[in-house]
Amino acid sequence: MKTLLDWSSYQDAGMGDAYADIPKTGGNFAKAVAVCINSRACESNNPKMVMCPSFRVSGMPEHSTGGRVRLLKAALNGELGAAAFDDPALAEAMTLCVGCKGCKRECENEVDMAMIKLEYMAQRQTVAGVSLRSRLFAGLPHILHRYPWVKAWISLRNRLVWSAKWGERWLGISAERRLPEPARLPFSAAETEQTAGIGAQEREVVLFVDTFTRYFDPDIAVAAQTVLEAAGYSVIFAQPAKNASEPERPLCCGRTWLAQGMVDAARAEAERVLAALLPHARAGRTIVGLEPSCLLSLRDEYRFLGLGDDALEVARSALLFEEFVGRESTAKTFNATFKPLGDACNFTLVHGHCHQKAVGAMKSMRKVLKLIPGFRFELIESSCCGMAGSFGLEAEHAETAQAMAEQSLLPALRAAPEALVVANGFSCRHQIRLGVRREGLHVAQLLRDALIS
């Protein structure tokens, strides 16, 4: 087996342990799989935990992290036949993994099933090819840049029943689920007043505007810039390097390609991002991201793409917006002041993106929300919202995705119909929109609204 991701960080995993049960094939990938100790902690319905969303819905052990490990070990040991990765039971178990990263944080041995799934998908595609649906979801950043008219098509698809049913029949996109609609105009750094260069270098930050924020929720980027500048920082928007391929195309972390198992395309996007961000990291600037799954791709997934020390250097400089604000406020260097938000925001429910939880960023969310005087909020104890990128839009997974949302997230929102909703994840906000017809805010928008001008 020739692995398509870089698993060298696991080269010493299980060495000297007679009970490690490392599969016969798969090299370092097999060692990553074998770190599971079969404790079955992933077979839990503990509301304070994220893992494992698909097990919580189905109740079937094979749909848990440990269940996937058991099937993968059988595949790597040759117990499932020559075409092991095409085994129906393994395929079902792996496709139901939503890549929440809950197991990486909550499992005693930090099984990284999100990355294991990416290798599995990439391996399958070397034999079976890539479906048209996967190409469309993966290529979304290119499509939105090159074909602005696609937003009109999405809007039309959402309004015409026959068009949605056509999409389900030929593309496998659920007719019952509305697609996210792009904003009328995408975010453009060229149209904002940038203050870069007016302050000391240690007061400069680099704002990484991801594809989802740029094309679907541009106000979040505007809000983040407003808050950071009010706090005394000069904001530099991350732009492609001058010698980059397609220098006019905005940066994309490669998350959409990774999520579809298209490793080579994801690596190409990552290389563009590193070329743009490495000079800033070396200059000592913090790179601030708004979308959890995108910014955390820089900190986590890039390590598996074989991009060397450059990826590690950028990762060390990359923080989520709430992590940066929390860090700077603790250091007493965040100079913005806030006012109470009034009766309209008397109580707020906060839903954490799975990847925020995976890196412990919800502590920063608490700290940041407490900067607003008198602000009352409650963190919803929930697992994955179920949308998980394209998962909740796929015809064969839409029902499962809805069931995940109905476990705790949507009931909590229905129980407090007047509460404001904060959710930093793009997919989470869309699931909330579909489930209870309410709009979620990013914490940057909330802070912008509370600024004392």
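This is a predicted model: local features need pLDDT of at least 70, side-chain atom pairs count only at pLDDT 80 or more; totals for chains, interfaces and linings use all residues.
Biologist: Why is the aromatic pair F334 and F338 called stacked?

Modeller: Rings of Phe, Tyr and Trp (its six-membered ring) pair if their centres lie within 6.5 Å; planes under 30 degrees apart count as stacked, over 60 as edge-to-face and the rest as tilted. The whole structure has 12 aromatic pairs. In this one, F334 and F338 are 6.5 Å centre to centre, with 15° between the planes. Stacked, therefore.

Biologist: Are F334 and F338 buried or exposed?

Modeller: Buried means under 20% relative accessible area, exposed over 50%, partly exposed in between (1.4 Å probe, protein chains only). F334 has 9%. F338 also has 9%. Both are therefore buried.

Biologist: What makes R203 a charge over the ring of Y233?

Modeller: The rule asks for NZ of Lys or CZ of Arg within 6 Å of the ring centre and within 35 degrees of the ring normal. R203 lies over the face of Y233, 4.0 Å from the ring centre.

Biologist: Why are α3 and α4 called oblique?

Modeller: Helices are DSSP runs (H or I, at least four residues), as are strands (E, at least two), numbered from the N terminus. Axes are lines fitted to C-alpha atoms, for helices over the stretch in contact, and angles run from 0 to 180 degrees between N-to-C directions. Under 35 degrees is roughly parallel, over 145 roughly antiparallel, 65 to 115 roughly perpendicular and the rest oblique. The axes of α3 (residues 65-76) and α4 (residues 88-95) cross at roughly 140°. That makes them oblique.

Biologist: How do α4 and α6 cross?

Modeller: The axes of α4 and α6 (residues 113-128) come within 10 Å and cross at roughly 130°. These two are therefore oblique.

Biologist: What makes α22 mostly covered?

Modeller: In α22 (residues 426-436), 8 of its 11 residues are buried. Among them are F426, C428, H430 and I432. The cover includes α12 (218-230) and α20 (398-407). Just after α22, R437 takes a positive phi of about 55°.

Methods
Residues are numbered from 1 along each chain as its sequence is written. Side-chain values use heavy atoms; hydrogens and water are left out. Contact means heavy atoms within 4.5 Å.
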